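Student: Can we go through this one together, with the sequence and the model side by side?

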Amino acid sequence: MTSTPDTADRHIERWLPVVPDLDADVEGAVTRMIRLTRHLRAVKERVLVDLDLSAHEYETLHALAGRLGRAAPSDLAADLAMAPASITARVDALLRRGFVRRIPSTVDRRRVDVELTETGQAAWRGAMEVQGAEEHRLFGALTATERRRLSDLLRRVLLVAEQPQGPPET
């Protein structure tokens with residue numbers, strides 16, 4: 001443990017007298033995860049403003065990039081947990097900005113796919129590079145071994161969160 005207190009330590013210090021049975025380790029971990037998530041979200045929001053991208057545009061470009069730059073609108077809708085009609089509006093907006101183009105499907109001639117343009121790829125990459133740099137700056141406080149251990153520990157916690165919760169005990 002580091003000897004320099006952070007905002008989570010001050011939060012715990014304030015709440016311990018109010019909640020004497022507060023588990024400082026759990027509260028510290030949760031508070032730190034929340035604050036880091038807020039920090040990274042704020043960085044992302046600033047990047048998107050700087051790049052003149054809306055969150056919806058970025059999310060759609062990201063989903064498309066994750067499919068190697070080409071996908072059926074129905075696949076994008078599934079990836080983004082959206083109705084197919086909603087994805088059409090997003091694709092139309094990206095098309096107007098020159099970020100995507102519609103192209104004939106290679107698997108079904110009745111279908112049209114969406115493909116990232118160089119401009120769309122550059123916009124997505126620009127946002128990813130700034131966000132990635134901040135993530136590396138933050139996690140640069142840890143050694144490679146510590147980063148691996150943290151990732152493994154968070155995986156164990158996330159696996160519990162992803163399990164369906166049973167009915168409350170009576």
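Student: Let's begin with Glu57: buried or exposed?

Tutor: Quick ground rules: this is a predicted model, where local features need pLDDT of at least 70 and side-chain atom pairs count only at pLDDT 80 or more, while totals for chains, interfaces and linings use all residues. Residues are numbered from 1 along each chain as its sequence is written, and side-chain values use heavy atoms, with hydrogens and water left out. Buried means under 20% relative accessible area, exposed over 50%, and partly exposed in between (1.4 Å probe, protein chains only). Glu57 has 13% relative accessibility, so Glu57 counts as buried.

Student: Which residue forms a salt bridge with Glu57?

Tutor: A salt bridge here is a side-chain nitrogen of Lys or Arg within 4 Å of a carboxyl oxygen of Asp or Glu. For Glu57 the closest N and O atoms are 2.9 Å apart, and the partner is Arg97.

Student: And how many residues apart in sequence are the parts that this pair ties together?

Tutor: Glu57 lies in helix α3, and Arg97 in the loop between α5 (84-96) and β2. Helices (H or I, at least four residues) and strands (E, at least two) are DSSP runs, numbered from the N terminus. Because of those two locations, the pair ties together parts that are separated in sequence by 40 residues.

Student: What is the strand order in the open sheet?

Tutor: Two strands pair if DSSP finds at least two bridges between them. β1 (70-71) and β2 (100-104) each have a single partner strand, so they stand at the edges. β2 and β3 (residues 112-116) pair in the antiparallel sense over five bridges. The three strands, with antiparallel pairing, have the order β1-β3-β2.

Student: What angle does the direction of α3 make with that of β3?

Tutor: Helix α3 (residues 55-65) packs on the sheet and touches β1, β2 and β3, contact meaning heavy atoms within 4.5 Å. Axes are lines fitted to C-alpha atoms, for helices over the stretch in contact, and angles run from 0 to 180 degrees between N-to-C directions. With β3, the angle is about 100°.
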